[in-house]
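Reader: I would like to go through some labels and ask what each one rests on. Take me through them briskly.

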Amino acid sequence: LFGLPLRPVEIASICFAALLYGLAACYAFQGRRLEGGFVVRQELLVLAIYYSRSFVRFSYERAYRLSTQYKFWWGGSLLCLGSAYMGNTLGTVGYEIDAAKSPEDAERIVKMKAWLLCLALGMAVAFYFINHAYPAKVFQTGRLMMSGMALAEILPIAPMPGIKIYRWKKVVWVALALVTVPTFFLINYIF
């Protein structure tokens, strides 16, 4: 579609991950008393976020002739649900697998993962400022979800992107961690 790949299994993985992540975020905000309208708004927000990230990823793939695919992660889903129970949501419901044909492609894929992490962090900060100007639950959960996604992506554990960034260039990983971790706590707990 528009020159971008349509992969049914990946689309299903994104939808399932978005459903689970959206429910986790709703639980973090409302506990067991979920309001139908709130859940629908959050699920639509998560789908919009996931598909916008996928569009960026697909565009990067097309520009550099790379191949990546979003994969749902059951273990990460349990971690996400556990973090929601504790009051916040880590975006560990899925990750991108890749098929690099050369060392240059592998490096481009890691750079893409680093930029996607920066995008998530930038969106979290944007949601924070929008919520500050126009307070609304949708902006608060957007901030919570995007900051949780950025924090999860910097974790140097397999299969999250942080481990590949760490192995690629430790100084880049340290710089991203020094920005991501404090930002997460500042926008969610301090300010």
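Author: Start with Tyr 51, which is placed in helix 2. The model is predicted.

Reader: Why is Tyr 51 called partly exposed?

Author: Its relative accessibility is 31%. Buried needs under 20%, and exposed needs over 50%. The value for Tyr 51 falls in between, so the label is partly exposed.

Reader: Which residues does Tyr 51 touch, leaving aside those up to four places away in sequence?

Author: Ile 11, Ile 14 and Cys 15. Helix 1 covers residues 8–30. As for Val 93, it is 42 residues from Tyr 51 in sequence and 15 Å away, C-alpha to C-alpha.

Reader: What is noted about the phi of Arg 65?

Author: Phi of Arg 65 is near 55°, a positive value in a residue other than glycine. Most residues other than glycine have a negative phi. Arg 65 sits in the loop between helix 2 and strand 1.

Reader: How do you know whether Arg 65 is buried or exposed?

Author: Its relative accessible area is 72%. The cut-off for exposed is over 50%. Arg 65 therefore counts as exposed.

Reader: And Ser 83: why is it called buried?

Author: Ser 83 has a relative accessible area of 12%. Buried means under 20%, so the label applies to Ser 83. Its place is in helix 3, residues 74–85.

Reader: What makes the pair of Ser 83 and Leu 90 a polar contact?

Author: A polar atom of the Ser 83 side chain lies 2.9 Å from the backbone nitrogen of Leu 90. The limit for such a pair is 3.5 Å, so the distance qualifies. Beyond four places in sequence, Ser 83 touches Asn 88, Thr 89 and Leu 90.

Reader: Why are helix 4 and helix 5 called roughly antiparallel?

Author: Their axes come within 8 Å and cross at roughly 155°. That makes helix 4 roughly antiparallel to helix 5, because the cut-off is over 145 degrees. The crossing is left-handed. The contact of helix 4 with helix 5 has 13 nonpolar, four polar and two charged residues.

Reader: What makes helix 4 and helix 7 roughly parallel?

Author: Here the axes come within 11 Å and cross at roughly 25°. Angles under 35 degrees count as roughly parallel, so helix 4 and helix 7 get that label. Helix 4 passes helix 7 in a left-handed crossing. On the helix 4 side the contact includes Leu 117, Leu 121 and Tyr 128; on the helix 7 side, Val 179, Thr 180 and Ile 187 are among the residues. The classes are ten nonpolar, two polar and no charged.

Reader: How do you know that Thr 180 is buried?

Author: Thr 180 has 1% relative accessibility. The cut-off is under 20%, so Thr 180 counts as buried. The side chain of Thr 180 reaches the backbone oxygen of Leu 176 at 2.7 Å. Among the contacts of Thr 180 beyond four places in sequence are Leu 117, Leu 121 and Ala 150.

Reader: Why is Gly 148 called buried?

Author: Its relative accessible area is 0%. That is under 20%, so Gly 148 is buried. Gly 148 lies in helix 5. Cys 80 is 68 residues from Gly 148 in sequence, yet 9.2 Å away in space, C-alpha to C-alpha.

Reader: Last one. Which form does the peptide bond from Ala 158 to Pro 159 take, cis or trans?

Author: The bond is cis, with omega near 5°. Most peptide bonds are trans. Pro 159 is found in the loop between helix 5 and helix 6.

Terms used:
Residues are numbered from 1 along each chain as its sequence is written. This is a predicted model: local features need pLDDT of at least 70, side-chain atom pairs count only at pLDDT 80 or more; totals for chains, interfaces and linings use all residues. Side-chain values use heavy atoms; hydrogens and water are left out. Helices (H or I, at least four residues) and strands (E, at least two) are DSSP runs, numbered from the N terminus. Buried means under 20% relative accessible area, exposed over 50%, partly exposed in between (1.4 Å probe, protein chains only). A polar contact is a pair of N or O atoms within 3.5 Å; within protein, one must be able to donate a hydrogen and the other to accept it, and residues adjacent in sequence count only if both atoms are side-chain atoms. Contact means heavy atoms within 4.5 Å. Axes are lines fitted to C-alpha atoms, for helices over the stretch in contact, and angles run from 0 to 180 degrees between N-to-C directions. Angles under 35 degrees count as roughly parallel, over 145 as roughly antiparallel, 65 to 115 as roughly perpendicular and the rest as oblique. A crossing is left-handed if the near helix is turned anticlockwise from the far one by less than a right angle, and right-handed if clockwise. Ala, Val, Leu, Ile, Met, Phe, Trp, Tyr, Cys and Pro count as nonpolar, Asp, Glu, Lys and Arg as charged, and the others, Gly among them, as polar.
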